[in-house]
Amino acid sequence: MLGIEYLVDALTPTHLLIALLGVVAGTVIGALPGLTATMAVAVLVPFTFSMPTASGLIMMGAIYTGAIYGGAYSAILLNTPGTPSAIATTFDGYPMAKRGDGDLAITIACIASVVGGLVGAAFLLGLSPPLAKVALAFGPVEYFWLAIFGLTLIASLSEANLVKGLAGGCLGLLLSCVGVAEVSADIRLTFGSQTLLGGIEVVGALIGLFCVPVLIDLVGTPERHLKVTGESRGFRLPEALAIAWRGKFNLLRSSLIGTFVGILPGAGGSIASLVSYSEARRASKRTERFGKGEPDGVQASESANNATVGGGFIPTLVLGIPGTPPDAVILGALLVQGVRTGPNLFTEHAAVVYTFIYGLFLATVLMLPMGLLIGRYAYRTIVTVPKAMLVPAVAFMTIIGTYAIRNSIADVVMMILLGVVGWVLNRFDFSPSPIVLGLILGSIAERGFVQAWVLGTATDNVAGMFFGRPISLLIIFFIALSLFYPLLARRWRLKQEAMRVE
Amino acid sequence: MRNPNSLAGGLLAAAVAAFAFGGPAVAFPDKPISYIIPFGPGGESDVTARHQQPFFKKMFGQDLVISYKPGGGGAVGWAQLNSLKGDGYTMMGVNLPHTVVQPLQKDVGYKTDDLVPIIYFHYTPDAIVVKADSPFKTLEDLVDFGKKSPGKLTFSGSAKASANHIAQIRFDKMAGIKSTYVAAKGTGESNQFLLGGQVLASWGYTSVGAQLGAQARMLAVAMDKRHPGFPNVPTFKELGYDLISGAYRGIAVPKTTPEPLRKQMSEMFIKVNKDPEFRKRLENDGMAVIDVDYAGMPAFIAEQKKVLTAVAKEAGIVK
């Protein structure tokens, strides 16, 4: 049952070492802005050829897990998501760091990531085949509505500056149109340039819009980067655990959202963390504190994005369809090793699969001590290094990281350009997240729309296609909820106050 | 042994002298070779390159370092290939029909004749794939449905103007039906739509049939003879449709790579190709191995250009 007999196989000293190394390597790579989880896994795949299949898989899974967690470091300390799935971590992580609670934020992120990772892996272990069927029920139309949902979340998260948030989102959508169009393959907005043919690369834009303004400001102001209290307070583990316990429903809910979104191929950690952050904010008693350094925000985002690791493996292993880009690399490596994915994977290759899944559990658990240790060093380094060294070092890393994605100088130029644009926009109170989210969601929305339209017209049922399917209607309901809930809640609250006054 | 250090030193000096005066034919390759895939990771180009890695290492002692340069359906990579160093240590995956059809459609930054392929080592024949529980049991069932309900026969496939799309257009004409093609981001998404029932069938490759295993069935393959891995699947030719096509994959080098190096690299990869274990692995994954080397390249490309240009014009995707 549940392949328990393979648990022992997974817990060998070799596997322990592999998982440990993998998690550490992944965390470090994920923390560096520009180096993504996909890159980390892709570079290390050839090493796994000489290993037995299960060990190689454990290593790749450990690297992937570590990298998704590592993205939180630069998100919290440098306001730059290390990977797109850490975007929502910046919302509260960076404010916490600015007021001196960076070490607490990192510890919270670690615990949340571990919880999320375990939940995702648990679903992978026990419920893969039925959940894979759920993933298949999502067609082009559902992806379209999901992307629209993501975009409306941008609006609701920018409550303070609704118009500016929406404008940012629209700019992001426009940027997503540059290059070869989704589906129709028309060339748009390249102004004849060869380099723009490849479109605007998301991670480069991410670094540009988030990190460059921070660097410019660091250079421009005399104060220290982050507030530092007198003595080091260690990990602040008891504090963090108390906060985690207080937020246990949040953690669980966010992990579930993360797992579920991870099951949908192509959805990604950014959507997962965004949706859970938004839900956490809506359901919390401390709604106003979100965005100003509320630990629950960090918990929501980090548990969701690590849950996508386990969730993403479900369609990868059961259907042979990669859930996220690192899954595509791992899938390729599996194929080369002769492992056929499919519903029979759990029976035909039970040894490999179950050993791998237990290895994933192992790596996630190991992430706790390792993550805390590495986090402490990261925090101390960023906080104590003088700005004169910090800024050039980070700038250098961002350039290398952006270049490494597509071996393209054009991406680096684009990053710097967008960085300057982002800095200017910052001064007018435009936040970078709506822009990046528009960029990411634009292609998903467009592709979903065009494909759904083609299918709808083929079956002479366009209206039914867009508005007639049960899952779509559910998503549309959530869209309406997220759009109107803040207004309704506020009106209700005002009415309550008015009644009390009388 | 009088003085091992001086012996070692002498040997080292001799080795260095050999390399210095040896010339490229002897020393190549003496460091890892950069193998750029102009698509994202996980696709057929990536997987077959990864199959080549261990064999190349075994035969020639150096690593193939795979990196990705996706964008524009491969165009971004191919447009930049000739600006890379032509010293034999940089090469890029190259595909047909993309490299013939793309430049005919619009300005994509390169022309077909700009590229220098040194080998085409496999192709994935087109195939019609249906879900295992699909009501279509034979190709005729599918064609009948297409005739009865024009437009309602929905196919998913990878991208527009790709091998999948061209095959769909050609077959529609041959069978006298009008089907609807839904372009997916890639084979992964195309498979997702097929398995999820969003479309009725899929124009894919034999490699898709292998990848999806028992979840799907192939109705026909676009090959001359049946695929050894799928002896029960008829060819389009057997069923009366003259359709032999697919996506070809190979390796190209920058234009500045000197002739002797091009020949040498071609021979090296042909050697990898001829390894029986390598061939078996590719065939297991549903590919059809071919051995087009540098010498045979001009004739092969000329033939492909002729066929694909005619096909593309007929399909209405180029003028």
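The structure is a predicted model, in which local features need pLDDT of at least 70, side-chain atom pairs count only at pLDDT 80 or more, and totals for chains, interfaces and linings use all residues. Residues are numbered from 1 along each chain as its sequence is written, while chains are lettered from A and ligands numbered from 1 in the order in which they are written.

Helix α5 of chain A comprises twelve residues, 87-98 (helices are DSSP runs of H or I with at least four residues, numbered from the N terminus). Its first and last C-alpha atoms are 17 Å apart, close to the 16 Å expected at 1.5 Å a residue (1.5 Å times one less than the number of residues). Eleven of the twelve residues are buried, so α5(A) is largely enclosed by the rest of the structure; a residue is buried if 20 or more other C-beta atoms, placed from the backbone, lie within 10 Å of its own. Among the buried residues are Ile87(A), Phe91(A), Tyr94(A) and Met96(A). The elements covering them include α4 (53-78), α6 (102-136) and α19 (432-458) of chain A. After α5(A) comes Gly100(A), with a positive phi near 100 degrees.

Chain B is divided into domain 1 (29-123 + 247-314) and domain 2 (125-221), with bounds from an automatic or database domain assignment. Their C-alpha centres lie 27 Å apart. The contact involves 15 residues from domain 1 of chain B and 13 residues from domain 2 of chain B (contact: C-beta atoms, placed from the backbone, within 7 Å). On the domain 1 side, α5 (98-105) and α12 (297-314) of chain B each supply at least two residues.

Conventions
Two residues are in contact if their C-beta atoms, placed from the backbone, lie within 7 Å.
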